[in-house]
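Trainee: Please take one part of this model and go through it closely. I would like one connected account.

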Amino acid sequence: MTSPALQVDTLIKNVLIVSMDETRRIITDGAVAVTSDRISFVGKSADLPKGTTAKQVIDGRRFVLTPGFVNGHIHVTGEPLTRGYIPDDTGFEENVWRWLIPLYQTQTPEDEYLSARLAALEMLRSGATCFLEAGTILDMQATAEGLNTLGIRGRIGAWIEDRAFDPAEDQKKKTDLAIRKLQDEMAVNYGNDPLIRAWPLLVGHSTATDEVWLAAKALADSNGGAISAHMSPAQVDVDWFMENTGKRPIEYLAELGVLGNNVSLTHAVHLDMNEVKLLAETGANICHCPLSALKGGYGATAVGLFPEMAEAGVNITLGTDGNNNGNASEMMRTIYLVAGLFKDARGRPDVFSAYQALEMATLGGARAMGLQQEIGSIELGKKADFVLHDTDRPEWRPLHNVANQLVWSADGRGVHSVWVNGVRVIDNYHSTMIDEEKLYADAQVAGEAIVKRSGLPAVSAWPIV
Ligand SMILES: [Zn+2]
């Protein structure tokens with residue numbers, strides 16, 4: 001039986017496809033077709049139905065086609081405009097309290113609009129098509145508008161925390177306000193654009209009371225969204241929970257009943273094996289941010305139980321975090337790092353293969369966001385979110401094993417073109433949507449102004465002359 005001819009918008013032929021489908025097919029001389037926002041054909045070029053027509057045909061013989069990467073944790077505001085400003089010899093607590101918080105607090109909606117655009121551009125140009133934001137946005141409207149100008153897919157959340165650490169504060173008032181903010185953000189529709197939506201994301205650590213955790217979980221459950229929260233990058237979270245609840249963080253949250261497959265905990269470096277077991281039992285996801293762990297000295301390779309989590313069946317995703325933690329919003333670096341760090345730390349080259357690292361950055365991220373039916377692989381009917389990696393580059397040649405080379409040779413520099421929701425948002429290494437040069441100039445001006453307003457000192461070990 002012959003298949004009926006297709007009429008498609010875009011047809012990419014003769015391309016090497018890393019499908020990430022159920023059997024992980026790598027398709028040589030492949031073809032991918034896009035109709036509207038979805039993939040309407042994937043297979044061998046030779047198997048395209050006879051008579052198929054396309055508005056645009058692209059010869060893909062120079063490219064490797066992969067699903068767009070899913071960035072499981074990124075601060076799209078607050079840090080992109082102060083990237084690299086904070087010294088790299090500060091630990092977690094000094095980094096957050098002395099530097100990050102004052103820098104976040106001084107930002108305006110205009111700063112957040114710009115930040116979000118810079119973050120989105122960096123992600124897209126290095127192959128990420130979807131992200132889960134960290135829940136640290138001050139102005140959701142400005143941020144969503146900024147993101148929409150780039151055409152990226154993402155889920156974002158307002159800065160939500162409520163614990164009154166100072167006894168002079170009114171706990172009930174703070175909690176009521178946080179819950180109202182959660183409900184309000186879920187109700188807003190950002191410009192009818194299906195790409196950006198709000199989810200009940202929490203700052204996390206010890207900053208949310210039980211009431212806020214329960215409210216966020218209920219909202220995620222009833223709206224088909226997910227929660228995320230920072231947890232246990234450093235021992236300080238474990239110490240707080242032990243002192244105040246007698247339980248470790250994951251034990252406490254599991255008992256509260258707020259863990260589940262629509263929950264993603266970021267960092268999760270300082271865990272014990274019982275917490276790993278509870279993550280597996282509840283289906284909660286973990287987002288590992290190797291760039292932050294390295295720069296902040298979190299101890300991910302010394303004490304992190306990521307290989308044990310994977311063995312226990314915990315879904316691990318990868319994230320890039322803030323631009324004063326890892327400083328780069330490039331997913332291909334995280335893929336490279338996760339494939340290497342634990343091989344070295346454990347003296348076991350069989351830990352986290354290139355294949356597993358690619359799964360974390362695609363299928364794993366999609367699953368943690370509940371979007372596994374829509375994104376994460378190149379399959380018929382899924383959203384057309386994919387990347388063309390340019391193999392006419394020194395780091396790509398010769399090409400022998402595409403999965404190995406995506407992880408160990410290539411990086412975001414080779415990302416030539418990117419489609420999100422059927423739209424080619426990056427073409428020939430640049431955004432098709434915005435004026436990149438203007439964004440860079442605006443970001444420089446705004447970034448310098450933020451630093452000035454914060455009153456923080458410029459720190460350089462070397463003299464600036
Ligand atoms: Zn973070």
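Mentor: First, a term: two residues are in contact if their C-beta atoms, placed from the backbone, lie within 7 Å. The model is predicted.

By that contact rule, Thr-52 touches Ala-5, Leu-6 and Val-8, leaving aside its neighbours within four places in sequence. Thr-52 sits in the loop between strand 3 (38-44) and strand 4 (53-59). Ala-5 is 47 residues away along the chain, but its C-alpha atom is separated from that of Thr-52 by 4.6 Å. Thr-52 counts as partly exposed because it has 18 C-beta neighbours inside 10 Å. The cut-off for buried is 20 or more.

Now the part for a close look: helix 4. This helix covers residues 171-187, 17 residues in total. From first C-alpha to last it reaches 25 Å. That is close to the 24 Å expected at 1.5 Å a residue.

Which residues of helix 4 are buried? They are Ala-178, Ile-179, Leu-182 and Glu-185. These four cover an arc of only 130 degrees around the axis, so they lie on the same side of helix 4.

What covers the buried residues? The cover includes helix 3 (140-148), strand 9 (196-198) and helix 5 (210-223).

Take helix 5. Its axis and that of helix 4 come within 9 Å and cross at roughly 15 degrees. That angle makes helix 4 roughly parallel to helix 5. The crossing of helix 4 past helix 5 is right-handed. On the helix 4 side, the contact is made by Thr-175, Ala-178, Ile-179, Leu-182 and Met-186. On the helix 5 side, Glu-211, Val-212, Ala-215, Ala-216, Leu-219 and Asn-223 take part.

Next, helix 3. Helix 3 is part of the cover over helix 4, and it also packs with helix 2 (residues 109-125). There the angle is about 35 degrees, with the axes 7 Å apart. This crossing is right-handed too. From helix 2 come Pro-109, Glu-112, Tyr-113, Leu-114, Ala-116, Arg-117 and Ala-120. They meet Ala-142, Thr-143, Glu-145, Gly-146 and Leu-147 in helix 3.

Definitions and conventions
Residues are numbered from 1 along each chain as its sequence is written. This is a predicted model: local features need pLDDT of at least 70, side-chain atom pairs count only at pLDDT 80 or more; totals for chains, interfaces and linings use all residues. Helices (H or I, at least four residues) and strands (E, at least two) are DSSP runs, numbered from the N terminus. The expected span of a helix is 1.5 Å times one less than its number of residues. A residue is buried if 20 or more other C-beta atoms lie within 10 Å of its own, exposed if 12 or fewer, and partly exposed in between; C-beta atoms are placed from the backbone. The arc is that of the directions from the helix axis to the C-beta atoms. Axes are lines fitted to C-alpha atoms, for helices over the stretch in contact, and angles run from 0 to 180 degrees between N-to-C directions. Angles under 35 degrees count as roughly parallel, over 145 as roughly antiparallel, 65 to 115 as roughly perpendicular and the rest as oblique. A crossing is left-handed if the near helix is turned anticlockwise from the far one by less than a right angle, and right-handed if clockwise.
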